[in-house]
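Welcome, and thanks for taking a look at this one with me. Here are a few notes to read alongside the structure.

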Amino acid sequence: MLDEYQKKQPIIYKILKNAVNKDKPSHAYLFETNGFYDSYNLIMAFAKALLCPNKYTNEEKCQNCHQCHVIDHGNFPEIKTIKPEGLWIKKEELQSLQAEFSKKAIIGNKKIYIIKEADKLNKQAANSILKFLEEPEEGIIAILMTENIYNVLETIRSRCQILTLKEDSQTENVNDTLSKIGQILYEKKELTEEEQEKIEKILKFIKHYETNHLDTLLYTQKLWHDYIKTKEDLEKAFNLMILFYKDLLNYLNNLKIEIFDSYEPLIKEIALKNTLNDVCYKINILTEFKEKIKYNANTLLLMDKLIITLERRD
Ligand SMILES: [Zn+2]
């Protein structure tokens, strides 16, 4: 939701919200991300607000909106994200995007393309999108992202509205994340064998994900199916995952591991693969997805979507 960024990025939020309300977006934006941990999701929320027939603001946070659903799954043909492969963004990729986008919009009246790391557009690639930026076609919106606008070619910079995100404060981010977790009740007690087994299964899933990332998709069924049968099971599993990452956050902050103290080697191992901001991001996504459980009938699909979203972080 775009509204989630009202506090974190007040100025940018105002500009974007205004563009959505008036339905008058610029034809090209250049976002200077400034290390803001959630920049791509902010941009996706903006894109959704522009494309969604409910302006992404109906009561259920658009959870049952078909269009937002398709966008979340990355299957929406009118949004394309391009990122560098290797050192540079490939010219061919931009050309095929142009060919595709020059056809008229099929759903709705807008098409949006997002270019990550726009500083990795070399001259050749830049030339192929300059025409797009110079003579904007009705309904096509370009969103470029970079850590530092001065690394982006001047010819591109001068044709975009530049939006600089507020720098990320790690402490603010951690506090904000912790406030989102709220109260998850967890009683440390003697566990039955079955309960213990479930915890092991969930930790195995986390370890698997932290090692294999997107490839975990191939195993979701195997890892979850026998253990997670009802929505209640799934909610418990989410709580455990959130608590695990909270312990990871504690560990990274040199605080006491509260719940998973008997799994310290695992915490240490996973801590090596994550920064504080990574962990905050994961907790935020897990908390967000926990909310979705009640609207989603298919738990396996939800888990797949979770893994894809976790991987979306730059
Ligand atoms: Zn929607």
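1. Before anything else, please keep in mind that this is a predicted model. Where the two domains meet, nine residues of domain 1 are in contact with eight residues of domain 2. On the domain 1 side, the residues touching domain 2 comprise four charged, four polar and one nonpolar.

2. For orientation, domain 1 covers residues 2-168, and domain 2 covers 171-310. Their C-alpha centres are 30 Å apart.

3. Next, have a look at helix α10 (residues 231-252) and helix α12 (residues 276-292), whose axes come within 10 Å and cross at roughly 160°. An angle over 145 degrees counts as roughly antiparallel, so that is how α10 and α12 run relative to each other. Their crossing is left-handed.

4. Which residues of α10 and α12 make the contact? From α10 they include Phe238, Met241, Ile242, Tyr245 and Leu249, and from α12 they include Val279, Ile283, Leu286 and Phe289. Charged residues take part too, among them Glu235 and Lys246 of α10 and Lys282 and Lys290 of α12. By class, this contact has twelve nonpolar, four charged and one polar residue.

5. Helix α10 also packs with helix α8 (residues 193-212), at an angle of about 60° and with the axes 10 Å apart. The two helices are therefore oblique to each other, and the crossing of α8 and α10 is right-handed.

6. The contact of α8 with α10 has eight nonpolar residues, with no polar and no charged ones.

Note on methods. Residues numbered from 1 in each chain as written. Predicted model: local features only at pLDDT ≥ 70, side-chain atom pairs only at ≥ 80, totals over all residues. Domains from an automatic or database assignment. Contact = placed C-beta atoms within 7 Å. Axes fitted to C-alpha atoms, helices over the stretch in contact; angles between N-to-C directions. Helix = DSSP H or I, 4+ residues; strand = E, 2+ residues; numbered from the N terminus. Parallel < 35°, antiparallel > 145°, perpendicular 65-115°, else oblique. Left-handed = near helix turned anticlockwise from the far one by under 90°.
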